[in-house]
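Subject: Handing over the structure

Hello,

Here is the structure you were expecting. Please have it open while you read, and my notes follow below.

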Amino acid sequence: MPGMQMQMGQPLPGTGPNLLPGGYPVYSDSYSSAGDPMWTYFTAVAGQDGEVDAEELQRCLTQSGINGIYSPFSLETCRIMIAMLDRDYTGKMGFNEFKELWAALNAWKQHFIAIDQDQSGTVEHHELNQAIAAMGYRLSPQTLTAIVKRYSKNGRIFFDDYVACCVKLRALTDFFRRRDHLQQGVVNFVYDDFLQGTMAI
């Protein structure tokens, strides 16, 4: 089966998190496990296997109050949160993955609050573009337009959609980066591998 060649946009130099030579943002897990305050929320909804599915994650995040003044996360957003860290495609998340997600959610929330100055729970499309650039991505205007169309409602982006956008960007970037061995922003995909990685997110 023929391969598929794709090239990823390079993040802006000097912006966002630390960058690898290939131009990818480097994500860090800054979550402190001291006392594990989220353990109570997690274990309250986790199954006997010590993992949560999308519905359980939704309840866990709602009970934790991480969404603050914003609406609770939708089930679809919770599904892609799990997919972002579900490298064995089980459709579930363990506590260590939950802590990694928690750190990312806190960072995204703080950035959203910074640009949602009127506390309306929404940001405008140009602010989303700025946020994406601040995270270390350099995307073409066409790609940014496609993202805005996908995640905006009447020209505004709600917190849930903002997080969904951040999750998908990170998940797809991680999927791409694991295959970009030379970190040059170009990889060859086997079609089935491409579908497996992207359809799961």
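Is D49 buried, partly exposed or exposed? With a relative accessible area of 44%, D49 is partly exposed (buried means under 20% relative accessible area, exposed over 50%, and partly exposed in between, using a 1.4 Å probe and protein chains only).

Before going further, some ground rules. This is a predicted model, in which local features need pLDDT of at least 70 and side-chain atom pairs count only at pLDDT 80 or more, while totals for chains, interfaces and linings use all residues. Residues are numbered from 1 along each chain as its sequence is written, and side-chain values use heavy atoms, with hydrogens and water left out.

**Confidence**

The average pLDDT (the predictor's confidence in each residue, from 0 to 100) is 81 for the protein, and 83% of the residues score at least 70. Helices (H or I, at least four residues) and strands (E, at least two) are DSSP runs numbered from the N terminus. Please take care with residues 1-34, where the pLDDT is below 50. Beyond near neighbours in sequence, that stretch still has 100 contacts in the model (contact means heavy atoms within 4.5 Å). Where pLDDT is low, the predicted coordinates should not be read in detail.

**Salt bridges**

Searching the whole structure gives eight salt bridges, each a side-chain nitrogen of Lys or Arg within 4 Å of a carboxyl oxygen of Asp or Glu. D49 pairs with K92 at 3.1 Å, N to O. This pair links distant parts of the chain, 43 residues apart: D49 is in the loop between α1 (38-45) and α2 (54-64), and K92 in the loop between α3 (75-85) and α4 (95-115). K92 is also partly exposed, at 31%.

E124 and R156 form another salt bridge, with their closest N and O atoms 3.0 Å apart. E124 lies in strand β2 (residues 122-124) and R156 in strand β3 (residues 156-158), so the pair ties together parts that are 32 residues apart in sequence. Both partners are partly exposed, E124 at 33% and R156 at 24%.

R177 and D174 come to 2.7 Å between their closest N and O atoms. They both lie in helix α7 (residues 159-177), three residues apart, or about one turn of the helix. Here D174 is buried, at 5%, whereas R177 is partly exposed, at 21%. These two also belong to a network of salt bridges with E100 and R170.

**Nonpolar cores**

A nonpolar core is a set of buried Ala, Val, Leu, Ile, Met, Phe, Trp, Tyr and Cys residues joined through side-chain atoms within 4.5 Å. The largest one has 51 residues, and L57, L61, F98, W108, I132 and Y162 have the most contacts inside it. Two or more residues each come from α1, α2, α3, α4, α5 (125-134), α6 (141-151) and α7. Leaving aside neighbours within four places in sequence, F98 touches M38, F42, L57, C60, L61 and M93. A second, separate core has five residues, including F175, V187, F189 and F194.

**UniProt record**

An unreviewed UniProt entry places "domain: EF-hand" at residues 73-108 and 109-138; its positions are given in the numbering used here, feature names are shortened, and annotations may be inferred rather than shown by experiment. Residues 73-108 are 69% helix and 0% strand, with end C-alpha atoms 13 Å apart. For residues 109-138, the span is 57% helix and 10% strand, and the end C-alpha atoms lie 21 Å apart.

Best wishes
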